[in-house]
Amino acid sequence: MSVTVPREAAPSIHIERARFAFAGRRLFDDLSLNLPAGRTTCLLGPSGVGKTSLLRLIAGLLPPEPPTRINAADGKPLTGRVAWMAQTDLLMPWLDALGNVLIGYRLRSDAAALAAAQARALDLLARTGLAGRERDLPATLSGGMRQRVALARTLVEERPVVLMDEPFGQLDAITRLSLQDLAARMLAGRTVLLVTHDPLEAARLGHRVHVMAGAPASVGSPLEPSSDPPRDATSTDTLAIQAELMRRLADAHAFAVPA
Amino acid sequence: MKVVRPLLIAAGLLLAWEALVWIDETPHFILPAPSRVAVEFVDRGDTLLFHGLHTAAEIVLGLILGVALGAGIALLLTRFAGLRAWGLPIIVLSQAVPVFAIAPLLVLWLGYGMLSKVAMASLVIFFPVASSLYDGLRRVDPGWLDLARVMNAPPRAVLLRIRLPAALPAFATGARVAASVAPIGAVIGEWVGAGAGLGFLMTQQLGRGQTTLAFAALIVLCVLGVALYFAVDAVMTRLTRWLPRDGEARS
C-alpha cells in the first residue's frame, strides 16, 4: 500500500471568512470550514451554490478575495501540495493512458521524478483495473475507464491534499459505486475535500459531511458518521445517513427560499 | 473505386476536350487538343522537367519557410500576450496588400532568381498557418489549463505540451490551405520576372504562340499542386492520428 501514501503527512486545512462573488452575485461571505487531517470531508449542496468556487479557491485556481484566509495547519503554503480532480476526466486525447497519468511530471520537465513515477503509475493503473490498457488512447476507453485514469493521475502525484469536484457525476450508477469504493480506499490518509450534489455519495465517502446552502451560502455543522468509509450503499446505516442529509438539504432549501 | 474514380473523371474530361477541339476545329494556338499536348510532353520532356523542378523547389522551400514563419508567429503571439496588440495589425496589413501588387517589388529587391519566388510563396503561405495555429493555441479546454496550474506547470510547458498538441487539428487545416495556395506565390513571381520555372515557361511560350507547351506546363503545375496537397495531407493526418475520424466506432 505504500505507493499511494503521500510522502508527507497530510495537514488539516482551515478556511476562514471566505468570500467570493461571481458576476456581481455574492456566492458566499464570511464562510468558514475545517478539513481535518487525513480525512475525507464532503461538501453537499445544490448546483450553483458555490461549492465549486470554494474548491477552486482552495486549489488556487481563483484569487482569494479579502478577508479570505486559507491555511494549512502545518503553516506551509498549499501550492504544490494539492491534487485536483474535476467532473470531466480532462484526459489529453493525444496521450495514452500512461502518458495521461504522468502528464504532471512531463509538464514540470522533471526527468528524475518522471522515471521514479513510471513504476508507480503502472501500479496505479493496474490497481484501478486498467492493466493492459496503458497504451490505449482515451478515445478507446469507456467513461468509467477514463475516470479511473484521471483518478490514477490524481494519486500518482503523491500530494497530501486532494480536491475532488463531483468526480463521478457523469458516470452511470453502478460504475459510480465501484469508483467510489476504489477512490475511498486509495485516498485513505489524505486530506480530501469532495464536492458533490449526491447525498448517497456523501453518505458513503465522508468522514464528515457538511451541507452547503443559501445565497450567500453558508456551511452547516457537520454530520460525522461513526463508521469508516466507504460505506455499503445498501446498508441501513448508510441509508439513514443519506436520509438525514436529504432532510438537511430540504431544510436549508426551505430556509433559503421562503414559501 | 477510390483510385479509379478520379482517373475516370480525368479521362472523361480529356475525351470531352479532345472532342470539342475536333468538332470545333479550334486552332492549336488557341486551344490545343490533349493528344497534341501529350506529344509535346514527349518532345519537350526535358524542358518541362527542368522548369518543373525549378518551380517545385521554389514551392517546397516557400512552404517550409512559410509554415515555419507562420508557426513561429503563432507561438510567439500566444506565449507573449504583450506582442498581440503590436503583431496582429502587422500581420493583417501584410495580407491586405495584394500579392500581385508587391510581386514586382520583391523581384526588384530580391532579384530574378529563386529567392524572390520563395519569399512570395512564404508570404502567401504563412498567413493561413499563423491564423489557424494561433486560433488553435487559444481555443484549449480551460480545464486542461487549470489542471496544469494545479500541477505547477511552467508556462512554456503548457504551451508545448498542452496548447500545441491541442492546436494540431487547427494547424492541419491551415497547412492544407497553405499547400493548396503555395503554387500561387511562386508562379506569380515567375510571371513578373524570372529566368526559369513553369510560370516563366508559360509566359514565354504564350508570347510566341506556343500554346501547346504552355498547356503542358500548366498540367505539370496541376500535378505538382495535387502532389503537394496530398503529401501535406498525409503528414497532417499522421500528426493528428489520435483524432477520432468519421466512420470509426467509438466506445
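# A guided tour of two chains

We start at the largest pocket, whose lining residues divide into 11 nonpolar, no polar and no charged. Keep in mind along the way that this is a predicted model.

**Stop 1: the largest pocket**

Select B:Pro6, B:Leu7, B:Ala10, B:Leu14, B:Trp17, B:Phe215, B:Leu218, B:Ile219, B:Cys222, B:Val223 and B:Val226, and you have the lining of the largest pocket on screen. The space they line has a volume of about 380 Å³. Now colour helix 1 (4-24) and helix 10 (211-239) of chain B, each of which supplies at least two residues of this lining. Helix 10 of chain B gives the most, with six residues.

**Stop 2: the second largest pocket**

Next, bring chain A into view. The second largest pocket holds about 320 Å³ of space, and 18 residues line it. To centre your view, pick A:Leu57, A:Ile58, A:Ala59, A:Gly60 and A:Thr79, the lining residues that lie nearest the centre of this pocket. Both chains take part here: helix 1 (51-59) and strand 4 (69-72) of chain A, together with helix 7 (142-150) of chain B, are the elements that give two or more residues to the lining. Helix 1 of chain A gives the most, with three residues. In this pocket the lining divides into 11 nonpolar, five polar and two charged residues.

**Stop 3: chain B as a whole**

You will see 10 helices and zero strands. The C-alpha trace of chain B spans about 75 × 50 × 30 Å along its principal axes. Of its 251 residues, 42% count as buried.

**Stop 4: where helix 3 meets helix 9**

Staying in chain B, select helix 3 (residues 45-79) and helix 9 (residues 198-207). How far apart are the axes of these two helices of chain B, and at what angle do they pack? The axes are 7 Å apart, and the angle is about 130°. An angle of that value makes helix 3 of chain B oblique to helix 9 of chain B. To see the contact itself, show B:Thr47, B:Leu48, B:His51, B:Gly52 and B:Thr55 from helix 3 of chain B, then B:Leu198, B:Phe200 and B:Leu201 from helix 9 of chain B. These contact residues divide into four nonpolar, four polar and no charged.

Just after helix 9 of chain B, click on B:Gly209, which takes a positive phi of about 75°.

**Stop 5: B:Val158**

Move along to helix 8 of chain B, where B:Val158 is found. Is B:Val158 buried or exposed? B:Val158 counts as buried because its relative accessibility is 14%. If you draw a distance from its C-alpha atom to that of B:Thr47, 111 residues apart along the chain, expect 51 Å.

**Stop 6: A:Leu35**

In chain A, zoom to strand 2 (residues 25-35), the place of A:Leu35. A:Leu35 counts as buried because its relative accessibility is 1%. Leaving aside neighbours within four places in sequence, A:Leu35 is in contact with A:Ser12, A:Ile13, A:Ile15, A:Thr41, A:Thr191 and A:Leu193. The C-alpha atoms of A:Leu35 and A:Ile13 are separated by 5.0 Å, although the two residues are 22 apart along the chain.

**Stop 7: backbone details**

Most residues other than glycine have a negative phi, and most peptide bonds are trans. With that in mind, here are some places to check.

- The bond from A:Pro66 to A:Pro67 is cis, with omega near 5°; A:Pro67 is in the loop between helix 1 and strand 4 of chain A.
- Another cis peptide bond joins A:Pro229 and A:Pro230, with omega about 0°; A:Pro230 is in the loop between strand 9 (217-219) and helix 8 (236-256) of chain A.
- A:Glu166 is not a glycine, yet has a positive phi of about 45°. A:Glu166 is in the loop between strand 6 (161-165) and helix 6 (173-186) of chain A, and is buried, with a relative accessible area of 8%.
- B:Glu25, also not a glycine, has a positive phi of about 55°. B:Glu25 lies in the loop between helix 1 and helix 2 (34-43) of chain B, and is exposed, with a relative accessible area of 67%.

Conventions. Residues are numbered from 1 along each chain as its sequence is written. Chains are lettered from A and ligands numbered from 1 in the order in which they are written. This is a predicted model: local features need pLDDT of at least 70, side-chain atom pairs count only at pLDDT 80 or more; totals for chains, interfaces and linings use all residues. Side-chain values use heavy atoms; hydrogens and water are left out. On a 1 Å grid over the protein atoms alone, a cavity is a set of points where a 1.4 Å probe fits but cannot get out, and a pocket is an open set with protein on both sides within 12 Å along at least five of seven lines; lining residues have an atom within 4 Å of a point. Grid points are joined across faces, edges and corners, and a volume is the space filled by probe spheres set on the points. Helices (H or I, at least four residues) and strands (E, at least two) are DSSP runs, numbered from the N terminus. Ala, Val, Leu, Ile, Met, Phe, Trp, Tyr, Cys and Pro count as nonpolar, Asp, Glu, Lys and Arg as charged, and the others, Gly among them, as polar. Axes are lines fitted to C-alpha atoms, for helices over the stretch in contact, and angles run from 0 to 180 degrees between N-to-C directions. Angles under 35 degrees count as roughly parallel, over 145 as roughly antiparallel, 65 to 115 as roughly perpendicular and the rest as oblique. Contact means heavy atoms within 4.5 Å. Buried means under 20% relative accessible area, exposed over 50%, partly exposed in between (1.4 Å probe, protein chains only).
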